[in-house]
Amino acid sequence: MKKKVWAAGLLFTAILLTSAFTPVTTNAGQGTVVNLEGQPIAFSMQPRMIDGTLMASARELANALKMDVTWLEAERTAVITGNGYELKLPLNSDYAYVNGKATTMHGISQIVDDSLYVPLRFLMESANHVVRWDSATSSVNITKQADSLP
């Protein structure tokens, strides 16, 4: 009888310890649909959740906005331009330059699979777009911000 109790206690402890050290994962960013003006962006490199921030390829986001991207190797900086907008994204940085003004990002630009990943919300909002998360569909919906009256 004591062996059964001891074995049951040991089994219970093993289950408890195993569950306590099992990593918690999230699917956010994995398979997340990103819509721009109601149309899904066809990413060749999927957005990823990195340190709690949804990150995406700067080049693919810029292409979706029909903007140009240049990589300045000497400065280790990506430059996105179009429609009177310029965004400089230094590698491994939590700041960027929006039309020449230094601005803090919530996330760090970094290389993922040979592509510069940046906070999706930051890039889109700095390009005058509104970003909304739809938890019911696990999707991001991006729309052009309406111009305001003076």
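Let me start with a pair of residues: Arg-48 stands opposite Met-55 in β4. That pair belongs to the place where β3 and strand β4, residues 53–57, run antiparallel and are joined by three bridges; strands here are DSSP runs of E of at least two residues, helices are runs of H or I of at least four residues, both numbered from the N terminus, and two strands pair if DSSP finds at least two bridges between them.

Before going on, a word on what we are looking at: this is a predicted model, in which local features need pLDDT of at least 70 and side-chain atom pairs count only at pLDDT 80 or more, whereas totals for chains, interfaces and linings use all residues. Residues are numbered from 1 along each chain as its sequence is written, and side-chain values use heavy atoms, with hydrogens and water left out.

Now the sheet around that pair. Four strands, in the order β3-β4-β11-β10, make up an open sheet with antiparallel pairing, and its edge strands, each pairing on one side only, are β3 (48–50) and β10 (110–112). From one strand to the next the twist averages 50 degrees, where axes are lines fitted to C-alpha atoms and angles run from 0 to 180 degrees between N-to-C directions.

Next, the hairpins. Strand β6, residues 77–82, pairs with strand β7, residues 85–90, over six bridges in the antiparallel sense, and within this pairing Ala-78 stands opposite Leu-89 in β7. Two residues lie between these strands, and Asn-83 in that hairpin takes a positive phi near 55 degrees. On the other pairing of β7, two bridges connect it in the antiparallel sense to strand β8, residues 95–98, with Leu-87 opposite Val-98 in β8. Four residues separate β7 from β8 in their hairpin, and Asn-92 in the turn has a positive phi of about 55 degrees.

Which residues touch the most other members of the largest nonpolar core? They are Ile-80, Leu-87, Leu-89, Leu-120, Leu-123 and Met-124, in a core of 31 residues; a nonpolar core means a set of buried Ala, Val, Leu, Ile, Met, Phe, Trp, Tyr and Cys residues joined through side-chain atoms within 4.5 Å, and buried means under 20% relative accessible area with a 1.4 Å probe, counting protein chains only. Helix α3, residues 120–126, supplies the largest share of this core, four residues. Apart from it lies another core, of five residues, among them Met-45 and Met-55. Leu-89, leaving out residues up to four places away in sequence, touches residues including Ala-58, Ala-78, Ile-80, Met-105 and Leu-123, a contact being heavy atoms within 4.5 Å.

Finally, Ser-93, which sits in the loop between β7 and β8. Is this serine buried or exposed? Ser-93 counts as buried because its relative accessibility is 4%. Beyond its neighbours within four places in sequence, Ser-93 is in contact with Met-105, Gly-107, Ile-108 and Ser-109, and its C-alpha atom is separated by 8.2 Å from that of Gly-107, 14 residues apart along the chain.

For the protein as a whole, the secondary structure comes to three helices and 13 strands, and buried residues make up 35% of the 150 residues.

Conventions:
Buried means under 20% relative accessible area, exposed over 50%, partly exposed in between (1.4 Å probe, protein chains only).
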